[in-house]
Amino acid sequence: MAEMGSKGVTAGKIASNVQKKLTRAQEKVLQKLGKADETKDEQFEQCVQNFNKQLTEGTRLQKDLRTYLASVKAMHEASKKLNECLQEVYEPDWPGRDQANKIAENNDLLWMDYHQKLVDQALLTMDTYLGQFPDIKSRIAKRGRKLVDYDSARHHYESLQTAKKKDEAKIAKAEEELVKAQKVFEEMNVDLQEELPSLWNSRVGFYVNTFQSIAGLEENFHKEMSKLNQNLNDVLVSLEKQQGSSTFTVKAQPSDNTPAKGNKSPSPPPDGSPAATPEITVNHEPEPASGATPGATLPKSPSQPAEASEVEGGTQPAAGAQEPGETAASEAASTSLPAVVVETFSATVNGTVEGSSTAGRLDLPPGFMFKVQAQHDYTATDTDELQLKAGDVVLVIPFQNPEEQDEGWLMGVKESDWNQHKELEKCRGVFPENFTERVQ
């Protein structure tokens, strides 16, 4: 019996909620058609506009602050690797080695402290500030529903009063429902009328405190970093002075075949033989070499085809004939590789390679642009972000709405997730570009 009673209460509540939704829907239709008047509050509507603007600005500020923190973390990692490289190349017998190592340790601690203070004094404050918006947004929506209920009860009461046949019992009940609906609406309306202007005015102090904290932390960070950089510079100057006698400058030496600076063309060889050029020069009327009789031909080189020697001797190829260099190249190719091998190689280049490239892209997500690989771990701070581990490969795809893309962020899906699910809706997300490196 108890179960029957609870089911009856639940069913009754569901039916009541359904009836309320239908009544509200009918009332909104009548208001849009102009057949029923709508209660307007221009002052409250302005407060709602300010609320929506404040929420949009706060959300953007939160996202940009997270991007800034991600950049600070990436810069910390890059600085750490740079200092590790310096420690590795700094030889044990060089002066100042211990100082350089200590500077590197302080540099790492300074970056960590800066990042942590930004989280504590800016990001957490930002999260607390935005945490109050969802509740107020829900109450604004509820107030709108109660306003429709109030208008509906008012119109129902007015219609019963103006009816030809008046039913006093129905009129009394409608009046009671009207008073109840008006009371619920006004209680919510009064509370929001007080809270929304107060919240709107609080934004100024919040922005001031947030950006003052960021500016102060960044100023102190750069001051301390400047001191460390100056100390490192002093160590390196000391090293340069003590090792100054062994310093030298490496200069590029020109090769024997390189022309001297300022000459536009190489000088001819001293023995009078023609200079080596990448092209074959055809002389229509060559001058005989000294000591040779006119009309005599030069001896053939073992590596030079007969046709090339005849061209240098003055024989001009007919118009449209194949160049000697091309003839030699084609003959060499035909003699060095069998025709079957050449055809097989051509088919491989034009068929297999291109075909495999096309087939490979059929398994990629729609709109795929290129691949990147995560160089550092990235912890997602929102539901629309990807969680990355160093080494993860991400397939980059375009944003559905390009206006939603923020500077420094990319849209993609991890290759492992795509190979497993093949569903973009479940796998895709945004990630900071500076945590990755393009690989394809």
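Colleague: Where is Gln-121 placed?

Modeller: Gln-121 is in helix α3. Helices (H or I, at least four residues) and strands (E, at least two) are DSSP runs, numbered from the N terminus. Please note that this is a predicted model, in which local features need pLDDT of at least 70, side-chain atom pairs count only at pLDDT 80 or more, and totals for chains, interfaces and linings use all residues. Residues are numbered from 1 along each chain as its sequence is written, and side-chain values use heavy atoms, with hydrogens and water left out.

Colleague: Which residues does Gln-121 touch, not counting those up to four places away in sequence?

Modeller: Gln-121 touches Ser-213 and Leu-217. Contact means heavy atoms within 4.5 Å. Gln-121 and Leu-217 are 96 residues apart in sequence, with 9.2 Å from C-alpha to C-alpha.

Colleague: Why does Gln-121 count as partly exposed?

Modeller: Gln-121 counts as partly exposed because its relative accessibility is 37%. Buried means under 20% relative accessible area, exposed over 50%, and partly exposed in between (1.4 Å probe, protein chains only).

Colleague: And Gln-54, is that residue buried or exposed?

Modeller: Gln-54 is buried, since its relative accessible area is 1%. Gln-54 belongs to helix α2, residues 42–89. Beyond its neighbours within four places in sequence, Gln-54 is in contact with several residues, among them Tyr-129, Phe-133, Trp-200 and Tyr-207.

Colleague: How do the axes of α2 and α5 cross?

Modeller: The axes of α2 and helix α5 (residues 168–242) come within 10 Å and cross at roughly 15°. Axes are lines fitted to C-alpha atoms, for helices over the stretch in contact, and angles run from 0 to 180 degrees between N-to-C directions. α2 and α5 are therefore roughly parallel to each other. Angles under 35 degrees count as roughly parallel, over 145 as roughly antiparallel, 65 to 115 as roughly perpendicular and the rest as oblique.

Colleague: What kinds of residue make up the contact of α2 with α5?

Modeller: The contact of α2 with α5 comprises 18 nonpolar, seven polar and four charged residues. Here Ala, Val, Leu, Ile, Met, Phe, Trp, Tyr, Cys and Pro count as nonpolar, Asp, Glu, Lys and Arg as charged, and the others, Gly among them, as polar.

Colleague: At what angle do α3 and α5 pack?

Modeller: The angle between α3 and α5 is about 175°, and their axes are 10 Å apart. α3 and α5 are therefore roughly antiparallel to each other. Their contact has 17 nonpolar, eight polar and four charged residues.

Colleague: And what about α2 with α3, at what angle do their axes cross?

Modeller: The axes of α2 and α3 (residues 97–130) cross at roughly 170° and come within 10 Å. That makes α2 roughly antiparallel to α3.

Colleague: A change of topic: where is Lys-422 found, and what is its phi?

Modeller: Lys-422 is in the loop between α9 (415–421) and α10 (424–427). The phi of Lys-422 is near 60°, a positive value in a residue other than glycine. Most residues other than glycine have a negative phi.

Colleague: Lastly, how many helices and strands does the protein chain have?

Modeller: The protein chain has 10 helices and five strands. Of its 440 residues, 27% are buried.
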